[in-house]
Amino acid sequence: MLGNFIKKQFIDVIEWPNPEEGLLMWRFPVADQEIQNGASLTVREAQAALFVDEGKAADAFQPGRYTLTTQTLPILTNLKNWDKLFQSPFKSDVYFFNTRQQLARRWGTSQPVTVRDADFGVIQLRSFGMYAYRISDPAAFFREVTGVGASYSGEQLEQQLRNLAMTQLAAAFGTSGIPFLDMAANQVLLSQKMNELLLPEFAKLGLTLENFTVESVTLPENVQKALDSKMSMGIIGDMGKFTQYQTATAIPMAAQNEGGIAGIGAGLGVGAGIGQAMAGAMGGMMQPQQPVQAAPAQAAQPAAPAAPAAEDPQAKLAKLKTLLDGNLISAEDYEKAKAEVLKQLIG
């Protein structure tokens, strides 16, 4: 019996010397051993330690070196009902936490977030960016996130944090008061709004949100196409002026086609509208020629203005060909008008 007690080993140094990359929490391997009263606890920079008794968080330690006694473990002493002069070895779970800032964590919307926009009504948005956090309250982090276990990694936590960000993103979009078209220029303000909404949520988990940035806000492809069309119409503006502009730019192109624009005549100016050009051309071609009757000599009527000279049929044909080449009239209209001109020409 005494021999077994002498062989029994006690833990007299507790530390986390080589933290594994990506781990946020690690349980010191106590197993069946006991911690020697007066043992040494070493907590390195960017670490914290927490003593846990039967699943209940007890004393927490910041970076430093400590001698474990009832004076340095007041909460554990109270939980175990120790006497202040208690000197025996004891059992307790010891957890180490990585309090280093976790940088360059990425977040993004797996599905579009539906929000109400001042300009476009209800729209769906996608967004992504980066954030950074650290463990600031090991006891709260133990209670709310990790619980008892051998270890806990950042990868396990970050899916939960991304979901938390997505929950607040719709609220940020809806309460920011920034229309979608202005978001690109106001991503700093949107990032600040997200920080404001997420800080208390992270604190509940024992975390401090160091920063949260919105790098991009985009629309789903089908919505973006509709927005592109709307913006194009806005750029065009006055459709009448746009039609005149198209007509003016089409004339030089028509000059490169067979027949040129020599036969169009002065009546088809660059600034004339398409409707006026076609009405003037087609009206003169389709109107039957009326014989000119001489006024009676005895009638004392004021002299009527001279009738315009009949347009040369060949000029009419050239004008028609130019209108057809410029896609200003259909082939059917062209054939009808040409037949009428030929009829006048041949008789």
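Two strands pair if DSSP finds at least two bridges between them. Strands (E, at least two residues) and helices (H or I, at least four) are DSSP runs, numbered from the N terminus. The model shown is predicted: local features need pLDDT of at least 70, side-chain atom pairs count only at pLDDT 80 or more, and totals for chains, interfaces and linings use all residues. Residues are numbered from 1 along each chain as its sequence is written, and side-chain values use heavy atoms, with hydrogens and water left out.

**View 1. Strands β4 and β5 form a hairpin.** Antiparallel pairing joins β4 to β5 (residues 56-61) over four bridges. Look for Val52: it stands opposite Ala57 in β5. Two residues lie between the strands. In that turn, Glu54 has a positive phi of about 50°.

**View 2. Strand β4 also pairs with β7.** Six bridges link β4 to β7 (residues 93-98), and the two run antiparallel. Leu50 faces Tyr95 in β7. Ala49 has Phe96 of β7 as its bridge partner.

**View 3. Strand β4 is buried.** Buried means under 20% relative accessible area, exposed over 50%, and partly exposed in between (1.4 Å probe, protein chains only). Seven of the seven residues of β4 (residues 47-53) are buried, so the strand is largely enclosed by the rest of the structure.

**View 4. Five strands make an open sheet.** Their order is β5-β4-β7-β2-β11, with antiparallel pairing. Why is one side of β5 and of β11 (151-153) left without a neighbour in the sheet? Both stand at the edges, and each has a single partner strand. Direction ignored, neighbouring strands of this sheet are turned by 20° against each other on average. Axes are lines fitted to C-alpha atoms, for helices over the stretch in contact, and angles run from 0 to 180 degrees between N-to-C directions. Helix α3 (residues 138-146) packs on the sheet and touches β2 (23-27), β4, β5, β7 and β11. Contact here means heavy atoms within 4.5 Å. The direction of α3 makes about 65° with that of β4.

**View 5. Three strands make another open sheet.** The order is β1-β3-β6, and the pairing is mixed. Strands β1 (10-14) and β6 (64-67) stand at the edges with a single partner strand each, so one side of each lacks a neighbour in the sheet. Neighbouring strands here are turned by 15° against each other on average, direction ignored. Four bridges join β3 (residues 34-43) to β6 in the antiparallel sense. Ser40 has Thr67 in β6 as its bridge partner.
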